[in-house]
Amino acid sequence: GDGALMAATVAKTRPIETVLSGPAASVVGAAHLSGLEQAVVSDVGGTTTDIAILDAGRPRLAKAGAVVGGHRTMVEAIDLVTTGLGGDSEVGTGADGGLSIGPRRVVPLALLAHDHPSVLATLESEIERGVARAGDARFALRLDRTSGEASASRSQARLLGLLEDGPRSLELVVDREHLAIPLDALCRQGRVVMAGFTPSDAAHVLGLQTGW
């Protein structure tokens with residue numbers, strides 16, 4: 001994770017040496033693309049943003065070694081600051097009534113509407129209602145289409161069947177069908193994912209992103 005190269009045989013026998021290698025590669029790539037010797041590099045991913053320093057054309061290293069989960073590994077690696085904010089971080093309402101971001105990852109609404117245009121009618125109807133609800137602009141989307149309903153409970157199978165033809169709003173899934181418990185279980189299993197408003201969608205609103 002120090003931005004150097006490693007043979008596959010070394011990575012196989014000493015995988016701990018690859019810790020933080022992804023962000024290190026981002027810094028090395030930024031140095032190559034920018035041609036800069038000194039820079040602050042911000043790598044925004046799906047759920048986190050990693051910030052590192054490019055010093056004399058190479059990543060600045062952590063003197064005490066990489067710290068993972070509060071544990072000092074003593075492995076030489078990039079000096080990194082990570083925050084739980086990414087392009088797919090869920091934007092919601094905090095306990096104080098203000099905005100909260102993360103830590104859950106959701107499918108951006110712009111991507112969901114690109115792949116499933118039918119959700120636009122649901123979003124428009126929620127806007128026209130004029131009264132905001134907790135489940136507004138939130139959808140459940142089925143990912144698993146291989147194992148079927150055989151391994152699911154009766155309520156989980158019912159939810160999977162409801163999502164068979166595409167995403168469904170939380171108003172339908174939770175408020176009308178009362179499937180909150182199986183929804184939570186299937187999300188933990190990775191068979192269903194949530195979609196909602198994200199920083200990527202905010203970038204669309206601000207005209208900073210045009211993908212999807």
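These are my notebook entries on a few places I looked up in this structure, which is a predicted model.

**Entry 1: Ser169**

I started at Ser169, which sits in strand S11, residues 168-169. Is Ser169 buried or exposed? Its relative accessibility is 11%, and the cut-off for buried is under 20%, so I put Ser169 down as buried. Leaving out residues up to four places away in sequence, I found Ser169 touching Thr122, Glu126, Arg138 and Phe139.

**Entry 2: the nonpolar cores**

The largest nonpolar core here has 13 residues. Ala140, Leu159, Val173, Leu183, Val192 and Met194 have the most contacts inside this core. Which elements each supply at least two of its residues? I noted helix H5 (154-162), helix H6 (170-176), helix H7 (180-189) and strand S12 (192-196).

I then picked out Val173 and listed its contacts, again without residues up to four places away in sequence. Val173 touches Ala140, Leu159, Leu162, Arg168, His178, Leu179 and Leu183. There is also a second, separate core of 10 residues, and Ala113, Phe139, Leu141 and Ala195 are among them. Phe139 was already in my notes as a contact of Ser169.

The largest cavity has a volume of about 40 Å³. Around this cavity I listed Pro23, Ser26, Val27, Val41, Ser42, Asp43, Asp50, Ile51, Ala52 and Leu80 as the lining. Helix H2 (21-34), strand S1 (39-44) and strand S2 (49-55) each give at least two residues to that lining.

I kept the backbone for last. Most residues other than glycine have a negative phi, and most peptide bonds are trans, so I went looking for exceptions. The peptide bond from Gly102 to Pro103 is cis, with omega near 0 degrees. Pro103 belongs to strand S8, residues 99-105.

Ala137 is not a glycine, yet its phi is positive, near 60 degrees. I located Ala137 in the loop between helix H4 (119-129) and strand S10 (139-142).

Trp212, also not a glycine, has a positive phi of about 65 degrees. I found Trp212 in the segment after helix H8 (199-205). With a relative accessible area of 42%, Trp212 went into my notes as partly exposed.

Notes:
Residues numbered from 1 in each chain as written. Predicted model: local features only at pLDDT ≥ 70, side-chain atom pairs only at ≥ 80, totals over all residues. Heavy atoms only, no water. Helix = DSSP H or I, 4+ residues; strand = E, 2+ residues; numbered from the N terminus. Buried < 20%, exposed > 50% of the residue type's maximum accessible area, 1.4 Å probe, protein only. Contact = heavy atoms within 4.5 Å. Core = buried A, V, L, I, M, F, W, Y, C linked by side-chain atoms within 4.5 Å. 1 Å grid on protein atoms, 1.4 Å probe; cavity = no way out; pocket = protein on both sides within 12 Å on 5 of 7 lines; lining within 4 Å. Points joined across faces, edges and corners; volume = space filled by probe spheres on them.
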